Amino acid sequence: MEQTLSIIKPDATKKMVIGKIIDRFETNGLRIAAIKKIQLSESDAKAFYSVHKERPFYNDLVKFMISAPVVVMVLEGQDAVKKNRDLMGATNPKEAQKGTIRADFAENIDANAVHGSDSLENAKNEIGFFFSKKEIC
């Protein structure tokens, strides 16, 4: 069984669609192995998104991610990384297929409702950023 990290971003938590998004994961065979709602600090957001620190959108991304609480989850299942990415849809919600999380809940490319690990290696690192081993069951 693979594990992947999912984050329900501030725009989606503000709209109170957390349950609807979680239902998409569970309905499609992804089990929640860990979950918590947190308020990221600026230093947390900068550290988590440090791979993008040279990109022009980095500061706006950090500001957005600390604008409201987020829900972080470890999702587990067969081909969890790919399944989660398929459920999320394209990064730009205008390009996301109908019925994907981003097509249904995202506002724009910046406020795009969810984050998901893009590889098994990144999933392991991202999960470790938010969760200790004893929190995952």
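**Close-up views of a predicted model**

**View 1. What kinds of residues line the largest pocket?** Eleven nonpolar, nine polar and seven charged residues make up the lining of the largest pocket. Here Ala, Val, Leu, Ile, Met, Phe, Trp, Tyr, Cys and Pro count as nonpolar, Asp, Glu, Lys and Arg as charged, and the others, Gly among them, as polar. This is a predicted model, in which local features need pLDDT of at least 70 and side-chain atom pairs count only at pLDDT 80 or more, while totals for chains, interfaces and linings use all residues. Residues are numbered from 1 along each chain as its sequence is written, and side-chain values use heavy atoms, leaving out hydrogens and water. The space in the largest pocket comes to about 760 Å³. Among its 27 lining residues, Tyr49, His52, Phe57, Leu61 and His115 are the closest to the centre. A pocket is an open set of points on a 1 Å grid over the protein atoms alone, where a 1.4 Å probe fits, with protein on both sides within 12 Å along at least five of seven lines; lining residues have an atom within 4 Å of a point. Grid points are joined across faces, edges and corners, and a volume is the space filled by probe spheres set on the points. With four residues, α7 gives the most to this lining. Helices (H or I, at least four residues) and strands (E, at least two) are DSSP runs, numbered from the N terminus.

**View 2. The second largest pocket.** This pocket has a volume of about 160 Å³. Look for Gln3, Lys124, Ile127, Gly128, Phe131, Ser132, Lys133 and Ile136 around it. Once again α7 gives the most to the lining, this time with three residues.

View 3. Ile18, Ile21, Ile22 and Phe25 of α2 are buried (under 20% relative accessible area; exposed is over 50%, partly exposed in between, with a 1.4 Å probe and protein chains only). Seen down the axis of α2, the buried residues fall within an arc of 100°, so they line one face of the helix. The arc is that of the directions from the helix axis to the C-beta atoms. On the other side of α2, you can find Gly19, Lys20 and Thr27 exposed. Gly29, which follows α2, has a positive phi, near 85°.

**View 4. Ser6 and Asn84.** Ser6 belongs to strand β1 (residues 2-8), and its relative accessibility of 0% makes it buried. Asn84, in helix α5 (residues 80-88), is buried with a relative accessible area of 0%. Setting aside residues up to four places away in sequence, Ser6 touches several residues, including Phe25, Asn84 and His115. Contact means heavy atoms within 4.5 Å. With neighbours within four places left aside, the contacts of Asn84 include Ser6, Phe25 and Gly116.

**View 5. Salt bridges.** The whole structure holds six salt bridges (a side-chain nitrogen of Lys or Arg within 4 Å of a carboxyl oxygen of Asp or Glu). In one of them, Arg31 pairs with Glu76, with the closest N and O atoms 2.7 Å apart. Arg31 lies in strand β2 (residues 31-38) and Glu76 in strand β3 (residues 70-77), so the pair ties together parts that are 45 residues apart in sequence. Arg31 is partly exposed at 40% relative accessibility, whereas Glu76 is buried at 17%. Glu135 and Lys36 also form a salt bridge (3.2 Å, N to O).
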